[in-house]
Amino acid sequence: MNYLHINEETLTELQTFNSVQEMDEAIKEHKKAHDLSDTDRSILDAISSYACKYKGVCYLSKQKIAKAAGFKSRMTAIRACNRLEALGIIKQYETRRIKGDR
């Protein structure tokens, strides 16, 4: 299985927006276009709030995304992220730290 390594070069390459305002506008359009549940909206908001340094790239773990959205269960974040990916709103990658096993 191929994994992306979390480093500045990779994160810069994955950026999908030129500005945070452009990202916010795209999120607003997705919220209008899709009938998202409250959970999906909360997870999307949590992801977007941590996707500003590298515009459009959030590299938090599912556990941390769930916590940021106010949920206790990591599975809630996993299910919501899978639904958001199926709708084409986000894209998920398997990542590993350069030094480490996660």
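## Nonpolar core

A nonpolar core is a set of buried Ala, Val, Leu, Ile, Met, Phe, Trp, Tyr and Cys residues joined through side-chain atoms within 4.5 Å, where buried means under 20% relative accessible area with a 1.4 Å probe and protein chains only. The largest such core holds 17 residues, and Ile43, Leu44, Ile47, Leu84, Ile89 and Ile90 have the most contacts inside it. Two or more of its residues come from each of α2, α3, α4 and α5 (helices are DSSP runs of H or I with at least four residues, strands are E runs of at least two, numbered from the N terminus).

The model is predicted: local features need pLDDT of at least 70 and side-chain atom pairs count only at pLDDT 80 or more, while totals for chains, interfaces and linings use all residues. Residues are numbered from 1 along each chain as its sequence is written, and side-chain values use heavy atoms, without hydrogens and water.

## Two residues

Leaving aside neighbours within four places in sequence, Ile90 is in contact (heavy atoms within 4.5 Å) with Leu44, Ile47, Cys81, Leu84 and Glu85.

Thr10 is placed in helix α1. Thr10 counts as buried because its relative accessible area is 16%. Not counting residues up to four places away in sequence, Thr10 touches Leu4 and His5.

## Lining by class

The lining of the largest pocket comprises 21 nonpolar, 10 polar and eight charged residues. Here Ala, Val, Leu, Ile, Met, Phe, Trp, Tyr, Cys and Pro count as nonpolar, Asp, Glu, Lys and Arg as charged, and the others, Gly among them, as polar.

How values were computed:
Buried < 20%, exposed > 50% of the residue type's maximum accessible area, 1.4 Å probe, protein only.
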